[in-house]
Structure formats: structure tokens, C-alpha cells
Amino acid sequence: MIGVTKLLTDSNHFGDTLRYAHGSQGQKNGAVAGHGPVVAWNVSRTCNLHCIHCYSDSDEIEYPGELTTAEAKKFIDDLADFNVPVLLLSGGEPLMRPDIFELVEYARSKGIRTTFSTNGTLITPEVAAKIKSLEVGYVGISLDGIGENNDRFRGKEGAFEDALAGIRNCLAIGQRVGLRFTINRHNLNDMENIFRVIEEEKIPRVCFYHLVYSGRGGAMMAEDITHEESRKAMDLIMEKVLEFEAKGIDCEILTVDNHCDIVYLYLKMKDRFPEKAEYIWKLMQINGGNRTGIAFSNVDSQGNVHPDQFTQNHTFGNVKERPFGEIWTDTSKNEILAGLKDRKPLLKGRCAKCQWLNVCNGNFRARAEAVTGDFWESDPACYLTDEEIGIK
């Protein structure tokens, strides 16, 4: 994640303590010294929507082999033993798992901060109150357009209004909530309207995701935006951060899944606001870029451990068979896991030659593999020019 608001305004939010902590440098198995990675757990693959970009290819059916309640609690025990700081509960749709609140309470009892990644359509006032009572740190709700555009993307009429109601139900009781928006050809022109919704509804956080070609999203390569459009989208995001600051609007804005964003932001600020650029440069060196396989992990609904939720074609082990921490630190059984811990010598193409490698760390491997078939090739979504990355 790139904390654009943090970088441009020097504000402080919870995730900044992990993203820009000095203890993160040189880590191989966790977010900061003494901690394991942030873990995104697909608690269930079942979902009440059918989104065209779904990385887990979810549907409204039951999937066999998912962790039982007892297995899930044992998994949470393992995470606590490995000192995992945050457990992100995702899906499918996590709120469709019958024992989800029991598991949230159990994670809380073990000292693990929980967050939700949800489509928001099931968050009634009663559900919002339950989430709040369990001290869930954050609820991220997906909106990928306005009105009918979002509904087409989500595969269900009324999904926009239901998700917006979920956001309002959280806001009404003081539950921390925000938007998740995946930028693509279908919704690029809705970004201005999303910012309008954020301002009108007083939504305190938004994450703009770059499209990753995984699951059903693998069929959307041709529907991704161009490099020039990526730059314009980033320009808009930066302008809105500065505009919101000037208006006194408290909203944390981040981008996700494309680490060239921070280089682009730095280069733009270097021309316009040199003092901001100097601050950004310090933080981007601390962050170190993409740390999939180090500071971030994914465990799917059946207990398989992956580098991240978009790279479920690579499995390192299963938590039903071995503790998570043991799987995450054992590089003897999987070349991809071993490579991710120290990837720079393995990278190819533009990534290998890039002058910003130390602050980007090779960007996103899932896109590189999806397009080229080679896990270590350069990320095709990097929109920096050859001149900008130091290739003549």
C-alpha cells in the first residue's frame, strides 16, 4: 500500500506504523522486527455477488474442504504464536461464514487486530453494531463505480445501494470504515464521482487498487487502463489529497498493488514541492516497496498458504498440516518463497535495470507471470518511462 495522504501531508494513521517503521528494513519473515506478516485470510470462498474481477473466482455455493471452526481457531493460535499483527478477513464474502463473529472474538482474545474486506451488502445496522462490539479495527467495503456501473461490475442489481447502506450503517455508530475501488476500463471515469461520494458521505478512508490479472480478473488484461491513464489517475488522486487537506477533510487515501506509484509521486513532487519530495524520499526508502512473501501473506479458505491473495497458483504449505510460522520461514521446500525473501537478483527485464528497485522491489509478480509466464519478469503495469527508470 502507498499511503498517499501520509506522504503528501505527513498525517498519521494506523497502518503507517507498519508501512513506514524503521524496524521493517531487512526483514525476511514479517512486517517489522519481532512480528510476522499481515495475513489476508479468505475465511470462505462463498459469496453473494459475482464480480467480474474476483481473484478467488467466488460464487454463491458451498466449497468443500474449508477450515472448520476448530481448525480455524488452531490457525489463529498459530498466528498469535508467530506474533502476526493484523488478520484481514476476506472471501468470497466473509460475512457469509456462519461462525465469523466467533472467530473474530477468538482472534481478539489472542491479541490479533482484525479487519474486514467485504462487499458491504450484508452490513445491516445489527451487523454493524456486532462488528463494532468486537472491536474490529477497520471495515473495507468495495465500490467499483457509481450506481448501475458498480452493479454491472459486481454482477447484481442493487449492489451499489446495499454497499452504500453498509457504509452508512458503520459510520452511524462510529465503526471505522472505508472504500476499496479497483481501477479498470469499466470505471476509470467514475473516479471523480467516487471522490464526490467520499466527501458527501464523510468516508474517512479509500484504497484505489490497480487491477491484478488473477482469478476472473485474469480475463481482464485487455480491460486494464493504459500507462498514460494510470498516470492521469495518479495525478487525480494526488490532487484530491491536497484538495482535501486544504478543505480540512479528514480522509486517508492510498493506492494498492502498483509500487511505481510512489516513484511517480516522488518525481511529481520533486518538481512542484521539493520539501515534500525530500520527506517522501525518506519514507519510501524505509518502506522498501513490494514485500509480498515477507510482510504480507495469504491463506485461502482451505488453509493453503500463498504469497498474496492474487498469487494463489503458488502454495507453500497448508495450515492444517503445519503451523503458519513454520511454513512462512521454511524456504527449503519452495523456490518461489525463497526467491521472494531476496528477489532482486532474480528479477528480469525493466525491473532488473530500474534505478528505483530499492524502493519498489520489483512491483507485482502476479501480473508479470500472468502476462509473460515468467514469475520474475518485469511487471507490465509499471507506467514509468525508460527515461524515468534510468534506461537509455
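On a 1 Å grid over the protein atoms alone, a pocket is an open set of points with protein on both sides within 12 Å along at least five of seven lines, a cavity is a set where a 1.4 Å probe fits but cannot get out, and lining residues have an atom within 4 Å of a point. With that in hand, here is a walk through the model.

This is a predicted model, so local features need pLDDT of at least 70 and side-chain atom pairs count only at pLDDT 80 or more, while totals for chains, interfaces and linings use all residues. Residues are numbered from 1 along each chain as its sequence is written, and side-chain values use heavy atoms, with hydrogens and water left out.

## Pockets and cavities

Rolling a probe the size of a water molecule over the atoms shows where empty space is left. For the volumes below, grid points are joined across faces, edges and corners, and a volume is the space filled by probe spheres set on the points. For the lining classes, Ala, Val, Leu, Ile, Met, Phe, Trp, Tyr, Cys and Pro count as nonpolar, Asp, Glu, Lys and Arg as charged, and the others, Gly among them, as polar.

| Space | Volume | Lining by class |
|---|---|---|
| Largest pocket | about 280 Å³ | three nonpolar, nine polar, six charged residues |
| Second largest pocket | about 220 Å³ | five nonpolar, two polar, four charged residues |
| Second largest cavity | about 120 Å³ | ten nonpolar, three polar, two charged residues |

Start with the largest pocket, at about 280 Å³. It has 18 lining residues, and the closest to its centre are G26, Q27, R291, K344 and N361. Helices here are DSSP runs of H or I with at least four residues, strands are runs of E with at least two, and both are numbered from the N terminus. Helix 11 (274-287) and helix 13 (335-341) each supply at least two residues of this pocket's lining, and helix 11 gives the most, with three residues.

Is G26 buried or exposed? The cut-offs are under 20% relative accessible area for buried and over 50% for exposed, with partly exposed in between (1.4 Å probe, protein chains only). At 69%, G26 is exposed. In sequence, G26 and I286 are 260 residues apart, yet their C-alpha atoms are 9.9 Å apart in space.

The second largest pocket is lined by V43, S44, T46, E62, Y63, E66, L67, M96, R97, P98 and D99.

## Cysteines without bonds

How many disulfides does a search of the whole structure find? Zero, with a disulfide taken as a pair of cysteine sulfur atoms within 2.5 Å. C360 is buried at a relative accessible area of 10%, and its sulfur lies 6.3 Å from the closest cysteine sulfur, in C351, which is too far for a bond. C170 is also buried, at 0%; the closest cysteine sulfur to its own is 15 Å away, in C207, again too far for a bond.

## The sheet

Two strands pair if DSSP finds at least two bridges between them. Eleven strands form an open sheet with mixed pairing, in the order 1-8-7-6-5-4-3-2-9-10-11. Strand 1 (2-3) and strand 11 (317-318) stand at the edges with a single partner strand each, so one side of each has no neighbour in the sheet.

Strand 7 (residues 205-210) has six of its six residues buried, so it is largely enclosed by the rest of the structure. In a regular strand the side chains alternate between the two faces of the sheet. Here R205, C207 and Y209 point one way from strand 7, and V206, F208 and H210 point the other way.

Strand 7 runs parallel to strand 6 (residues 177-183), joined by five bridges, with I183 partnered by H210. The chain gets from strand 6 to strand 7 through helix 8 (residues 191-201), in a right-handed β-α-β crossover; right-handed means that, with the strands pointing away from the viewer, the path from the first strand over the helix to the second runs clockwise. Strand 7 also pairs in the parallel sense with strand 8 (residues 252-256), over five bridges, and Y209 has V256 as its bridge partner there.

Elsewhere in the sheet, strand 4 (residues 113-118) and strand 5 (residues 138-142) pair in the parallel sense over four bridges, with T118 opposite I141.
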